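Please consider the model shown below. The paragraphs after it lead through selected features.

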Protein chains: 2
Amino acid sequence: MIRSTLALAAALALTTLAAGAADAQTQKEVNKKVVVEFYEKALNQKDFEAASKYLGSRYTQHNPNAADGPEGLKAFLGFLKEKFPASHSEIKRVLADGDYVILHVHAVREPGTRGSAIVDVFKLENGKIVEHWDVVQPIPEKAANANGMF
Amino acid sequence: MIRSTLALAAALALTTLAAGAADAQTQKEVNKKVVVEFYEKALNQKDFEAASKYLGSRYTQHNPNAADGPEGLKAFLGFLKEKFPASHSEIKRVLADGDYVILHVHAVREPGTRGSAIVDVFKLENGKIVEHWDVVQPIPEKAANANGMF
């Protein structure tokens, strides 16, 4: 009886641990899905209304060329739609840690050009995007190695 | 007896699950520590001998300005030592997912200048660094928001 009770207590404790780890894993996968869907709606479809549904109560912007908040995103997507309607962003890699999702992206503003390598970092709260950082580098014509930027 | 055996079996199964999750978590923390130490030895101390101990059997380079392999890193650190001996890289954020470690970095080549925002992505195998990607963007003088690039 004592052994049975101990085993049950251990099972319960471990269930809690395993469930916690599983929850974190699930949230990470949910966050990745949210960011990938948001990116497609925003950067490729250039649809602010659809993209804005993925934003939380704030959208803190660290890209130095974009104004803060959802209005900054709206203006940026308007700019893309008008100046680079055929621009396309291809996600090469999706990584996540805690509340952060990281995208490694090949962005081409005009088809046939080399485009840029970008890393975007998004912070999420309760499955919604609340903050964004990025680093953008034009892909050079020549490289010192044959591995490509991705 | 049956209940006790079932509880023990459940406890064992959950122990395996929890241990797996804990192992992944531990490996992630080890990987972060390896990359942060490597970065300090390489970029700040510019000590190729010390930094190269963190490399695995290959070092596949995707930075278009650096040659492939450990020799490319050696040449780059030699260049930094000679041209920008006071250059300093401050790690702002360390993230990890599976075999990948991501650093968000403020790199200043000459003290007093604005420097660049960088995201480095490292891939590890058995706790050793085997591949590197990065994206580098000079920090502009003016920004459309007041949040900074980090």
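The description takes up a sheet, a pocket and a helix in turn.

This is a predicted model, in which local features need pLDDT of at least 70 and side-chain atom pairs count only at pLDDT 80 or more, while totals for chains, interfaces and linings use all residues. Residues are numbered from 1 along each chain as its sequence is written, and chains are lettered from A in the order in which they are written.

Chain A holds an open sheet of five strands in the order 1-5-4-3-2, with mixed pairing; strands are DSSP runs of E of at least two residues, helices runs of H or I of at least four, numbered from the N terminus. Two strands pair if DSSP finds at least two bridges between them. Strand 1 (55-61) and strand 2 (88-97) of chain A are the edge strands, each pairing on one side only. Strand 1 of chain A runs parallel to strand 5 (residues 128-138) of chain A over three bridges, and Thr60(A) has Glu131(A) as its bridge partner in strand 5 of chain A.

The largest pocket is lined by 31 residues, with Asn63(A), Phe76(A), Arg109(A), Ile118(A) and Asp134(A) nearest its centre. On a 1 Å grid over the protein atoms alone, a pocket is an open set of points where a 1.4 Å probe fits, with protein on both sides within 12 Å along at least five of seven lines; lining residues have an atom within 4 Å of a point. Helix 3 of chain A gives the most to this lining, with six residues.

How values were computed: Heavy atoms only, no water.
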